[in-house]
Amino acid sequence: MEIIIDIDGKEPLFVQLVQRIKEAVLGNLINPGDALPSIRQLANDLDINNKTVAKAYRLLERDSVIQTKGYRGTFIHPDAKVNSTVDLNAWVKSKLAEVITAFRETGVTDSEIRIAFSDVMNNRVMNNSTNQGV
Amino acid sequence: MLDNILFYLVFLSQIWLLSFYYPGKILKRVRTVLKTYPPSKYPKLYNKSPDYYELGAKIYQVMNKIILLVGIVVICAIGSWDLSSDEEVEGVFTLLYFMLQMFPVMLMEFSGYAYFKQMRKLNIDGTRRADIQPRHLFDFVSPALVGLAVIINTACILFVFFLDPTPYEIGSDVFVISISLIATNVLFALIIRFNINGKKLDPYQSSKDRTRQIERAVKSLIGISIVASLFIMLNQGMEHFQLDYFEAVTMSLYLQFIAWLSLGAMLRTLRIEDINFDVYKEEDVTAI
């Protein structure tokens, strides 16, 4: 089975890789327990950076579509088929949309929302930094 | 006398095999490709005009003819020296001549890397394909063959150890041979790893062709490792039992066998008819 990406495509390469692997799982082209190529092998075969493949594998592992078993390699997760249907980014967007709609209904302006969002993100970063300092 | 007659026969065989037979086969392959897969139909195969590759083939042919003539001159020179001397022909002559014979092959290998680099540069197609299956060593060679290589290499070191009168000294035969064997096998392991996991040199090559190429490279290198250890054991044994007047003969036979395992195996197993050239057409029809 082949994986095909387009380096001139609009979507980032790591996104394309994640999507192709999920499609392969959903299409029964690869099955739970099947081994995936190493990051180096896939990067060399596609002639792309190792970090791009590593990022794609990290996201797939986060979504429990694949699992890494140390030196034994990377394998398709036992629950990959179910987990491949979950789109974390779409979930984040839908949650944000709900919250933003609620804010707007109470009269909060878009710029106030943006400033508050930025402050919360920055505070979170600062809190993380402070905790690491402690 | 017998050993010298044997040497002439074996050395003539080396000259014929490596400066006539194999170069002839390689030239035939190049010319078959140029004729059967022209740039009008297979533009992706050609980084430059076909005349450039025809010129390269002619240069390769001339180099091999010159080296063949040098071999004839060498054998005549050895013959006339032999008539006036009681000494045996040293194996180093066959080795040096073999290195000369391999020069056009090495040149061809290096120009191959430049050719594929240019091919990747000219590849403007943004589509990239890769197999989703991992590749492991034992997908291309049996564990038994690898195990045999390990056993024979170990046996070689032990054999030399028992023959060496001073095995524990730094410059001893055991020390030198062990270091050489280990270094050679490490190099082979790195080459094998590059073949299995490294960059795809030909961006258009089909998966099937790449798999066959990797299998050929892996088996050749492991075969060479085994043969090299066997040769060392034979050589050391001959030296120990004072049969080293056959050294030149065994060296030449060993080098011919190495060539048969590497170059010869490639020519036998990676036939032009089996390669998928459709991937080099303007519109890829059967990319696999």
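A word on conventions. This is a predicted model, in which local features need pLDDT of at least 70 and side-chain atom pairs count only at pLDDT 80 or more, while totals for chains, interfaces and linings use all residues. Residues are numbered from 1 along each chain as its sequence is written, chains are lettered from A and ligands numbered from 1 in the order in which they are written, and side-chain values use heavy atoms, with hydrogens and water left out.

Let me turn to the interface. Contact here means heavy atoms within 4.5 Å, and on that basis 21 residues of chain A touch 20 residues of chain B. Together the two chains bury about 2000 Å², with 48% of it on carbon and sulfur atoms; buried area is the accessible area (1.4 Å probe) that two parts lose on being put together, summed over both. Of the area that chain A buries against chain B, 30% comes from A:E2, A:Q41 and A:D45, more than from any other three residues.

Which residue of chain B forms a salt bridge with A:D45? The partner is B:R135, with the closest N and O atoms 3.0 Å apart. The rule, a side-chain nitrogen of Lys or Arg within 4 Å of a carboxyl oxygen of Asp or Glu, finds 4 salt bridges across this interface.

As for secondary structure, helices (H or I, at least four residues) and strands (E, at least two) are DSSP runs, numbered from the N terminus. On the side of chain A that touches chain B, β1 (2-6), β2 (35-36) and α2 (39-46) each supply at least two residues. The most come from α2(A), with 6 residues.

Strands pair if DSSP finds at least two bridges between them. β1(A) is joined to β1 of chain B (residues 127-131) by 5 bridges, and the two run antiparallel. Within this pairing, A:I4 stands opposite B:R129.

Now the sheet in chain A. Its 3 strands form an open sheet in the order β2-β4-β3, with antiparallel pairing. β2 and β3 (66-68) stand at the edges with a single partner strand each, so one side of each has no neighbour in the sheet. β3(A) pairs with β4 (residues 74-76) of chain A over 3 antiparallel bridges, and A:T68 has A:T74 as its bridge partner.

Helix α3 (residues 50-62) of chain A packs on this sheet, touching β2, β3 and β4. Its direction makes about 110° with that of β3(A), where axes are lines fitted to C-alpha atoms, for helices over the stretch in contact, and angles run from 0 to 180 degrees between N-to-C directions.
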